[in-house]
Amino acid sequence: MNLDQIFDSRHSIRDYQDKDVSYDLIGELIDSARKAPSCGNVQNWRFIIVKDKKKRNEIAAASLKQYWMNQSPVHIVVCYDDSNIKELYPKLHEEFSLLNSAITASYITLKAIELKLGTCLVAVFDKNAVSKTLKLPSNIHPIILITVGYPKGRHKVTKRHPIEYLIYFDEYGFARKKRDASIFPLQKQVQKLTDKIKKGLKK
Ligand SMILES: Cc1cc2nc3c(=O)[nH]c(=O)nc-3n(C[C@H](O)[C@H](O)[C@H](O)COP(=O)(O)O)c2cc1C
């Protein structure tokens with residue numbers, strides 16, 4: 001599978017088979033997660049692997065009662081440790097920790113595809129309740145829950161905005177105001193450049 005195939009295959013999975021995910025596979029997920037970039041390479045992410053049924057149910061309850069989460073045999077709770085990063089980045093430590101956590105979480109969701117696993121990110125939850133369930137010390141903050149399991153049945157495929165809706169050139173609003181048809185779609189532009197280069201090479 002190349003990277004684009006992996007991107008195209010990742011969808012939030014909320015229906016799971018009643019089948020355990022081995023610690024070997026979970027290890028592979030975390031091994032990929034730890035390769036993510038982090039500010040100043042602080043790597044202040046921590047991962048709590050939750051298989052315990054009662055604890056998973058408490059986590060689902062703390063996540064606005066999203067009990068579909070119970071179907072997944074594993075929850076990976078992505079947390080950050082604020083103990084050292086506070087000194088390194090006194091003003092930005094929280095923002096950086098959130099970014100670090102989000103990036104590492106997306107690595108997990110993408111690696112899961114390669115392993116034929118499904119995931120769903122859940123970020124709406126009562127942090128105090130989850131911290132209590134997981135007995136987290138005060139320096140460890142839960143940020144994102146990831147349900148992990150083998151997908152069951154069909155899943156919803158969500159749409160994406162077209163590229164021209166998302167990007168601007170040099171300053172915000174520029175492309176939209178100009179509506180320059182020669183710029184979009186971007187692929188056409190790339191094709192034009194490729195043709196130009198090819199022509200140049202033939203000369
Ligand atoms: C920060 C964040 C929080 C999310 N929280 C939830 C959630 O609480 N419950 C849920 O079912 N999905 C949640 N999702 C999944 C999104 O709904 C999903 O990614 C989005 O609808 C796009 O669908 P896709 O992941 O299938 O491409 C969350 C995703 C992100 C990035």
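Where is Asp126 found? Asp126 sits in the loop between strand S3 and helix H6. Helices (H or I, at least four residues) and strands (E, at least two) are DSSP runs, numbered from the N terminus. The structure is a predicted model, in which local features need pLDDT of at least 70, side-chain atom pairs count only at pLDDT 80 or more, and totals for chains, interfaces and linings use all residues. Residues are numbered from 1 along each chain as its sequence is written.

Asp126 has 15 C-beta neighbours inside 10 Å and therefore counts as partly exposed. For this classification, C-beta atoms are placed from the backbone; a residue is buried if 20 or more other C-beta atoms lie within 10 Å of its own, exposed if 12 or fewer, and partly exposed in between. Asp126 and Ala62 are 64 residues apart in sequence, yet their C-alpha atoms are 5.3 Å apart in space.

The chain holds eight helices and four strands. From the N terminus on, the order of elements is α-α-β-α-β-α-α-β-α-β-α-α. Of the 203 residues in the chain, 24% are buried. Contacts were assigned where the C-beta atoms of two residues, placed from the backbone, lie within 7 Å. Among contacts between residues at least 6 apart in sequence, 75% join residues at least 24 apart.

Two packed helices are described by the angle between their axes and the distance between the axes. Helix H3 (residues 53-62) packs with helix H6 (residues 127-134) at an angle of about 170°, and their axes are 9 Å apart. Axes are lines fitted to C-alpha atoms, for helices over the stretch in contact, and angles run from 0 to 180 degrees between N-to-C directions. H3 and H6 are therefore roughly antiparallel to each other. Angles under 35 degrees count as roughly parallel, over 145 as roughly antiparallel, 65 to 115 as roughly perpendicular and the rest as oblique. On the H3 side, the contact involves Lys55, Glu58, Ile59 and Ala62; on the H6 side, Ala129, Val130 and Thr133. By class, the residues of this contact are four nonpolar, one polar and two charged. Here Ala, Val, Leu, Ile, Met, Phe, Trp, Tyr, Cys and Pro count as nonpolar, Asp, Glu, Lys and Arg as charged, and the others, Gly among them, as polar.

The largest nonpolar core has 30 residues. Such a core is a set of buried Ala, Val, Leu, Ile, Met, Phe, Trp, Tyr and Cys residues joined through C-beta atoms within 7 Å. Val78 and Ile146 have the most contacts inside this largest core. At least two core residues each come from helix H2 (23-33), strand S1 (45-50), H3, strand S2 (74-81), helix H5 (93-114), strand S3 (118-122) and strand S4 (140-149). S2 gives the largest share, six residues. Not counting residues up to four places away in sequence, Val78 touches Trp45, Phe47, Ser101, Thr104, Ala105, Ile143, Ile144 and Ile146.

Phe47 belongs to strand S1. With 17 C-beta neighbours inside 10 Å, Phe47 counts as partly exposed. Leaving aside neighbours within four places in sequence, Phe47 contacts Ile30, Ala33, Ile76 and Val78.

The ligand is surrounded by His11, Ser12, Arg14, Gln66, Cys120, Leu121, Val122, Ala123, Val124 and Thr158.

Asp15 lies in the loop between helix H1 (3-9) and H2. Asp15 is partly exposed, with 16 C-beta neighbours inside 10 Å. Its contacts, not counting residues up to four places away in sequence, are Gln71, Pro151, Lys152, Gly153 and His155.

Gln43 lies in the loop between H2 and S1 and is partly exposed, with 17 C-beta neighbours inside 10 Å. Asp170 lies in the loop between S4 and helix H7 (174-178). With 6 such neighbours inside 10 Å, Asp170 counts as exposed.

Conventions. A residue is near a molecule or strand if its C-beta atom, placed from the backbone, lies within 6 Å of it.
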